[in-house]
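Here is a short report on one protein model. Take a look at the sequence and the fold before reading on.

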Amino acid sequence: MKAAIISLESESSKWTVKAMQKYFDKVDSINVKEIEVRSLKNKIDILHNGKLLEKYDCVYVKGSFRYALTLTAITSALFNKTYMPIAPESFDIVHDKFLTQLVLQKYNIPMPDTYLAPTIDAVRGILRKVNYPIIIKLPSGTGGKGVMFADSFPAASSMLDAIGPLKVKVVIQEYIETNSTDTRAIVVGDKVVASYQRKATKGEKRANIHMGGVGVKCVLDEKTKRIAIKTAKALKADICAVDILETNLGPLVIEANLSPGLQGVTKYTGIDVADIIAKFLYKKAKEFKDKGKVKDTSKIFEDLGIKATTDEIKEIITNVDFRGNRILLPELITKITKFDEKDELVIRADKDRLSIEKIKGEENK
Ligand SMILES: Nc1ncnc2c1ncn2[C@@H]1O[C@H](COP(=O)(O)OP(=O)(O)O)[C@@H](O)[C@H]1O
Ligand SMILES: [Mg+2]
């Protein structure tokens with residue numbers, strides 16, 4: 001089986017490529033900067049250095065928010081044709097902390113209260129009403145660089161004066177007292193495979209490693225694990241990091257990261273996360289290849305704690321093939337329906353809709 005990673009070829013991506021080479025027959029590392037996307041009349045072409053991208057069994061797309069549009073384009077072109085751990089819509093959502101907040105809110109995932117307003121004056125209006133301290137955040141910031149702490153209205157207001165001319169979006173978030181620590185959970189599939197706590201350096205509120213924070217391995221309680229996994233599912237990411245603030249009232253999610261650095265987590269936990277990711281990608285790619293594009297929707301609902309209406313909902317997202325004017329259904333449909341030549345079928349067709357049902361014989365009554 002063949003796989004590709006499309007990324008900025010960071011150290012973490014290199015580790016992942018190396019780990020994947022243990023499982024896949026061939027792994028290509030492709031730099032996202034060398035990709036070109038062509039949306040044509042009836043197809044989307046992805047080119048790498050001017051040549052059509054090869055066919056892979058697994059394409060792991062990751063990278064910085066600066067390339068979110070390209071990452072989305074690549075993923076939407078390939079998502080149903082090969083196994084991809086991250087859905088097309090995830091990139092834009094996860095790269096914006098407020099969009100993330102809106103999605104997670106719908107899944108009842110606990111987060112700090114956060115406020116958005118369209119103009120700086122309106123933001124100042126919010127700042128007059130909130131309790132201090134507060135956090136002012138750039139929704140696309142990373143590494144702690146877009147996070148500011150203000151312990152009073154005058155402090156927050158002068159920060160806004162400085163930010164105003166930059167014409168960037170900001171959100172206001174309640175400050176959560178955690179003794180300047182946060183927790184990072186790495187989710188792969190249905191599991192938290194590693195987690196560590198980060199503590200900010202003295203005098204600093206941001207626990208990011210980039211800001212001098214230090215990490216220690218930690219074991220999450222079941223509730224926090226469940227919330228991290230639910231966050232990954234809600235964001236449609238099979239691989240991601242979830243940042244959590246642990247409070248007396250339980251865990252609060254602050255953000256997710258689709259391209260988590262592996263050096264930190266490996267160093268603090270001693271867990272070979274690259275290998276776990278590689279093994280998982282191989283397993284999923286194989287399943288995808290064996291089963292085609294079947295998505296067991298009921299399982300996804302179940303994971304999210306939502307009861308599905310029927311025990312078995314199977315959904316396939318595909319194009320139908322035509323032989324002349326006749327529709328040819330995918331082979332997989334034969335496997336799922338177990339229809340055979342002798343079966344008598346009721347076909348109900350309408351514009352944009354088709355259902356085929358077996359007329360049950362005596363033995364099935
Ligand atoms: N609402 C908050 N209350 C307290 N501390 C916070 C809050 N939001 C963020 N922080 C601190 O700032 C750090 C960076 O914030 P985060 O939202 O994860 O942005 P980034 O993408 O820059 O990592 C967190 O790791 C945490 O230590
Ligand atoms: Mg963070």
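How many bridges join strand S4 to S5? Two do, and the strands run antiparallel. Strand S4 covers residues 44-48. Keep in mind that this is a predicted model.

**The sheet and its helix**

S4 and S5 belong to an open sheet of three strands. The order is S3-S4-S5, and the pairing is antiparallel. Strand S3 (35-39) and strand S5 (51-52) form the edges, each pairing on one side only. Helix H2, residues 68-78, packs on this sheet. The helix touches S3 and S4. Its direction makes about 60° with that of S3. Within the sheet, Leu47 stands opposite Leu52 in S5.

**Domains**

**Around ligand 1**

Which residues are closest to ligand 1? They are Pro112, Ile176, Asp182, Arg206 and Ala207, in a shell of 22 residues. Strand S14 (239-247) and strand S15 (250-257) are the elements that give two or more residues to that shell. By class, the shell has eight nonpolar, seven polar and seven charged residues. Domain 2 and domain 3 each supply at least three residues to the shell.

Definitions and conventions: Residues numbered from 1 in each chain as written. Chains lettered and ligands numbered in written order. Predicted model: local features only at pLDDT ≥ 70, side-chain atom pairs only at ≥ 80, totals over all residues. Pairing = 2+ DSSP bridges. Helix = DSSP H or I, 4+ residues; strand = E, 2+ residues; numbered from the N terminus. Contact = placed C-beta atoms within 7 Å. Axes fitted to C-alpha atoms, helices over the stretch in contact; angles between N-to-C directions. Near = placed C-beta within 6 Å. Nonpolar A, V, L, I, M, F, W, Y, C, P; charged D, E, K, R; others polar. Domains from an automatic or database assignment.
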